[in-house]
Amino acid sequence: MIKLIVFKNNLVLVARVEEVAAVVPGEPDCKLTQPFELKGDYLESWPSYSSQTEILVSSDSFLTILEPDKHHLDNYQALTAKKVS
């Protein structure tokens, strides 16, 4: 499921989001696959200092999760299709 995630620190990512089981409260409970940071009208691979494409995060760091608009969804799908090939 491709979602737009707004974090409490104002970071905004577009990623494939999957819920994972957390054994202890506060442990990572979401897997983000191929996350990209929303930077104005374009997307930048996130985190820029790592080539890792799957990242575990704790959903309590999220402010909200939204459906991306068509423009950003299309851009994300184009960028991630290139990485899969």
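# A tour of the predicted model

Start by selecting Phe-62, which is buried, with a relative accessible area of 9%. Because the cut-off for buried is under 20% relative accessible area, a value of 9% puts Phe-62 in that class. Bear in mind throughout that this is a predicted model.

**The whole chain**

Zoom out and show the cartoon. The protein has 1 helix and 6 strands. Read from the N terminus, the order of elements is β-β-β-β-β-β-α. The C-alpha trace spans about 35 × 25 × 25 Å along its principal axes. How does the radius of gyration agree with that of a compact globule? For 85 residues such a globule would have a value near 12 Å, and the protein has 13 Å, which agrees.

Colour by accessibility next. Of the 85 residues, 36% are buried. Switch to a surface: the protein exposes about 5400 Å², and carbon and sulfur atoms supply 55% of this area. For contacts with a separation of 6 or more, 54% come from residues 24 or more positions apart.

**The aromatic pairs**

How many aromatic pairs does a search of the whole structure find? The search finds 2. Phe-7 is buried, at 8% relative accessible area.

Now select Phe-36 and Tyr-76. Their ring centres are 5.8 Å apart and their planes stand at 90°, so this pair is edge-to-face. Here a strand and a helix are linked across distant parts of the chain: Phe-36 belongs to strand E3 (residues 30-39) and Tyr-76 to helix H1 (residues 70-84), 40 residues apart. Are these two residues buried or exposed? Phe-36 is buried, with a relative accessible area of 4%, and Tyr-76 is buried, with a value of 0%.

**The salt bridges**

Side chains of opposite charge can pair when their charged atoms come close. The structure holds 5 salt bridges.

Select Lys-31 and Glu-18, which form a salt bridge whose closest N and O atoms are 3.6 Å apart. Lys-31 is in strand E3 and Glu-18 in strand E2 (residues 12-19), so the pair ties together parts 13 residues apart in sequence. Glu-18 counts as partly exposed, at 41% relative accessibility.

Glu-54 is partly exposed, with a relative accessible area of 42%. Which residues are linked in a network of salt bridges? With the selection as it stands, you have them on screen: Glu-18, Lys-31 and Glu-54.

Move on to Glu-44 and Lys-39, whose side chains meet in a salt bridge at 3.8 Å, N to O. Both ends are partly exposed, Glu-44 at 29% relative accessibility and Lys-39 at 31%.

**Backbone points to check**

Show the backbone atoms and select Trp-46 and Pro-47. A cis peptide bond joins these residues, with omega about -10°. Pro-47 is in the loop between strand E4 (42-45) and E5.

Next, select Asn-10, in the loop between E1 and E2. Asn-10 is not a glycine, yet its phi is positive, about 75°. Asn-10 counts as exposed, at 65% relative accessibility.

The last stop is Gln-34. Where is Gln-34 found? Gln-34 lies in strand E3, the strand that also holds Phe-36 and Lys-31. Phi of Gln-34 is near 50°, a positive value in a residue other than glycine. Whereas Asn-10 is exposed, Gln-34 is buried, with a relative accessible area of 12%.

Key:
Residues numbered from 1 in each chain as written. Predicted model: local features only at pLDDT ≥ 70, side-chain atom pairs only at ≥ 80, totals over all residues. Heavy atoms only, no water. Phe/Tyr/Trp six-rings, centres within 6.5 Å; stacked < 30°, edge-to-face > 60°. Buried < 20%, exposed > 50% of the residue type's maximum accessible area, 1.4 Å probe, protein only. Helix = DSSP H or I, 4+ residues; strand = E, 2+ residues; numbered from the N terminus. Salt bridge = Lys/Arg side-chain N within 4 Å of Asp/Glu carboxyl O. Rg over C-alpha atoms; globule rule 2.2 N^0.38 Å. Contact = heavy atoms within 4.5 Å. Areas by Shrake-Rupley, 256 points an atom, 1.4 Å probe, with all protein chains shown as cover.
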